[in-house]
Amino acid sequence: MLRLFFISFWLLLSLPFLLSNDGLEKLGALKWDKVVHGNQTWRLITCIWLHAGVIHLLANMLSLIFIGIRLEQQFGFSTLSVPFCSGSVLSSLFIQRSISVGASGALFGLLGAMLSELLTNWTIYTNKAAALITLTVIIVINLAVRILPHVDNFAHIGGFLTGFLLGFVLLLRPQFGWVGRKHLPASARVTSKHKAYQYLFLVIAMVLLIVGFTVGLVMLFRGENGHDHCSWCHYLSCVPTSKWHCGN
């Protein structure tokens with residue numbers, strides 16, 4: 001029910017303003033100067049509910065259905081809502097001359113969470129190699145296809161990295177021995193709930209998340225441009241070809 005409510009709310013906000021930049025900006029599209037100089041930090045979150053066209057909206061809705069349902073069924077809506085609101089900070093650091101909308105970065109956060117969930121719960125999967133290869137191919141294809149003009153791939157990359165790290169923190173599964181401990185005799189040795197490597201991944205991911213968000217937010221509100229610190233990063237969002245250029 002919660003998923004249906006948010007989908008309906010998403011459609012209600014997006015449809016009347018699908019082709020209007022002014023309308024999208026008024027509703028909360030991500031715009032660098034509004035966030036940095038206008039004290040409108042809330043745009044980092046509201047932008048994910050808006051879309052730049054019908055195709056954009058439908059593509060994200062279909063992706064949400066195929067990517068999000070399995071994770072929500074296994075871990076719950078409240079757990080997945082955290083990685084869903086990710087990617088906007090990196091986008092603001094690199095995309096400063098135009099608005100940005102859409103939930104693609106959040107959806108890549110779910111892909112990143114799926115990958116880290118597979119790695120941190122590695123011991124309980126049966127077809128490990130097949131699952132890892134399949135998921136990696138899906139992620140690579142999605143990133144490659146989106147390196148086109150007018151696509152905010154920095155939101156995708158930021159969302160993926162955030163979701164990947166959050167997966168180590170939020171998506172831990174208990175070991176089989178822990179789940180069945182109630183049926184063991186009192187004298188039996190109880191298996192620990194999580195493996196040592198799961199705790200190690202959790203600590204490293206938490207440190208990287210805190211450091212990454214702190215550095216990103218400090219750079220953002222100091223008005224810095226990410227391209228000043230990375231001369232080649234513009235290729236991550238657009239690769240120039242004979243068919244188009246990436247100057248604007």
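**Exercise 1. Which residues lie nearest the centre of the second largest pocket, and how many residues line this pocket?**

Solution. Keep in mind that this is a predicted model. Start with the lining: the second largest pocket is lined by 17 residues. Next, look towards its centre, where Leu90, Leu161, Thr162, Gly212 and Phe213 lie nearest.

**Exercise 2. Find which elements give two or more residues to the lining of the second largest pocket, and which gives the most.**

Solution. Three names come up: α7 (88-94), α10 (153-170) and α12 (196-221). Of the elements, α12 gives the most, with seven residues. Now sort the lining of the second largest pocket by residue type: eleven are nonpolar, six are polar, and none is charged.

**Exercise 3. Work out whether Glu224 is buried or exposed, and list its contacts.**

Solution. First, locate Glu224 in the segment after α12. Then take its relative accessible area, which is 18%. Buried means under 20%, so Glu224 is buried. Finally, leave aside its neighbours within four places in sequence: Glu224 is then in contact with Trp32, Leu93, Gln96, Met219 and His229.

**Exercise 4. Compare the reach of helix α8 with the expected value, and find how many of its residues are buried.**

Solution. Helix α8 covers residues 104-120, which is 17 residues. From its first C-alpha to its last, α8 reaches 24 Å, close to the 24 Å expected at 1.5 Å a residue. As for burial, α8 is mostly covered, with 16 of its 17 residues buried.

Terms used:
Residues numbered from 1 in each chain as written. Predicted model: local features only at pLDDT ≥ 70, side-chain atom pairs only at ≥ 80, totals over all residues. Heavy atoms only, no water. 1 Å grid on protein atoms, 1.4 Å probe; cavity = no way out; pocket = protein on both sides within 12 Å on 5 of 7 lines; lining within 4 Å. Helix = DSSP H or I, 4+ residues; strand = E, 2+ residues; numbered from the N terminus. Nonpolar A, V, L, I, M, F, W, Y, C, P; charged D, E, K, R; others polar. Expected span 1.5 Å × (residues − 1). Buried < 20%, exposed > 50% of the residue type's maximum accessible area, 1.4 Å probe, protein only. Contact = heavy atoms within 4.5 Å.
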